[in-house]
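Open your viewer and keep the selection panel ready. Each stop below gives you something to select and says what is there.

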Amino acid sequence: MYVHVPFCAKRCGYCSFNTAPLEDGSMVRYLEAVQREIDLLGALPWASRIRLGTIFLGGGTPSLMEAEELAAVLDRIRARFDVVADAEITVECNPESVTRAKLEGYRASGVNRLSLGVQSLDDAILPRLGRLHDARGARAAFEAARDAGCANLSIDLMYGLPGLDLDGWTRAVDRVLGWRPDHLSAYGLTLDAGSLWGAAGIDGLPAEQDQIDQYWHLARAAAAHGLEHYEISNYARPGFRSRHNQIYWHAAEYLAAGPGACGFVGRVRYSNVKATPRYCQVLADGALPVASAEELSPRQRLAERLLLGLRTADGVPTTWLETRLDGDRGLRQRIEAWRAEALLVDVADRVRLTEAGFLLSDALFVELL
Ligand code: SF4
């Protein structure tokens, strides 16, 4: 189950997520609404057949929740659903909104994995992004998480940022890897519609080759520190892959709660009302806040499984790709070219992208759609 917590203290320039300002009383209204949504989901006829293997609180900034508020949400999920004993329970945290005491409270409520939004360790770049922490604050938050007993700790970084050169990126990557995180997510900056930068533009972006160099530095440095590159943007120590995100990449089912959250149940993809006040109102009126639902056709489903599966180092069964290529000679020829250039490789009965292929994957994914 994914639970979206929309509030942020400030909107970051690059962000296109569904966020809301934290105003007086808005967290209380949200908490009432999301618990009502969990009740309504739990009362659906098929809910008793669900076993939740992971819970992921994402945002927004879930770490704006006090420990008791987070515990109330998790308790409500456990009251309405069968949560497996060793479920992975992750909370996304921003460095400036955590303390050791808060994180100990999170752990006491059952949280066993934290994802810390560091993004950069450059004190000139961080405020430009709109972040509220500095490099020292990021390190302090990491140590607070370890001191609170978090043994499964992920760091988020971004490359391709305005003002970031290869030297700066190399220093940041090497420092973060020196902290020995269990998991690392590193996303290249994209100027998405819906972000402030997407609308207004931003100066100082590195050249494309610089971004490629930043990608390769990370891939090599992570490997040297024993992290496996198991998904285009994700690295993990052995045994520390994100179980929750693997559900997405395997195109498996997941429930979603919270404003704008998207779920996938049976063959149906659904998404919730985005605006937080409206979301709260719909639930106050006693209805599920579903804004749209779509049943995927077999072709859409196959394309989605290919695109998501090829994001991972495990790839997809070769038969899936063969089914997609059936009758499409042009695409088959282009796939053969990818194989010839060692961007795509066959391993036993599966096909997967190489690290060079990951870098170019967007071009392939457009073709497979
Ligand atoms: S990047 Fe994170 S903290 Fe920044 S606005 Fe988006 S959700 Fe909020």
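Start with helices α13 and α15, which are roughly antiparallel to each other. Of the angle classes, under 35 degrees counts as roughly parallel, over 145 as roughly antiparallel, 65 to 115 as roughly perpendicular, and the rest as oblique. This is a predicted model: local features need pLDDT of at least 70, side-chain atom pairs count only at pLDDT 80 or more, and totals for chains, interfaces and linings use all residues. Residues are numbered from 1 along each chain as its sequence is written, and side-chain values use heavy atoms, with hydrogens and water left out.

**Stop 1: α13 and α15**

Select residues 329–340 for α13 and 361–368 for α15. They pack at about 160°, and their axes are 11 Å apart. Axes are lines fitted to C-alpha atoms, for helices over the stretch in contact; angles run from 0 to 180 degrees between N-to-C directions. Helices (H or I, at least four residues) and strands (E, at least two) are DSSP runs, numbered from the N terminus. The crossing of α13 and α15 is left-handed. That term applies if the near helix is turned anticlockwise from the far one by less than a right angle; clockwise is right-handed.

Now show side chains. From α13, L331, R334, I335 and W338 meet S361, A363, L364, E367 and L368 of α15. Contact means heavy atoms within 4.5 Å. By class, this contact has 6 nonpolar, 1 polar and 2 charged residues. Ala, Val, Leu, Ile, Met, Phe, Trp, Tyr, Cys and Pro count as nonpolar; Asp, Glu, Lys and Arg as charged; the others, Gly among them, as polar.

**Stop 2: the domains**

Colour 2–249 as domain 1 and 299–368 as domain 2. These bounds come from an automatic or database domain assignment. The C-alpha centres of the two domains lie 29 Å apart. In domain 1, 12 residues are in contact with 12 residues of domain 2.

**Stop 3: the ligand**

Which residues are closest to the ligand? Select C8, C12, C15, G60 and N94. In total, 13 residues surround the ligand, each with a heavy atom within 4 Å of it. The shell divides into 5 nonpolar, 5 polar and 3 charged residues.

Stay on G60, in the loop between β4 and α2. The peptide bond from G59 to G60 is cis, with omega near 15°. Most peptide bonds are trans.

**Stop 4: L64**

L64 is found in the loop between β4 (51–59) and α2 (67–80). Its contacts include F7, C8, A9, L22, M27, E69, S97 and K102, not counting residues up to four places away in sequence. Draw a line to N94: the C-alpha atoms of L64 and N94 are separated by 8.4 Å, and the two residues are 30 apart along the chain.

**Stop 5: α1 on α2**

Select 26–42 for α1; this helix and α2 pack at about 10°, with their axes 9 Å apart. That makes α1 roughly parallel to α2. Among the residues that meet are M27, L31 and V34 in α1 and E69, A72 and V73 in α2. By class, the contact has 7 nonpolar, 2 polar and 4 charged residues.

**Stop 6: A251**

End at A251, in the loop between α9 (243–249) and β11 (256–257). Its phi is near 55°, a positive value in a residue other than glycine. Most residues other than glycine have a negative phi.
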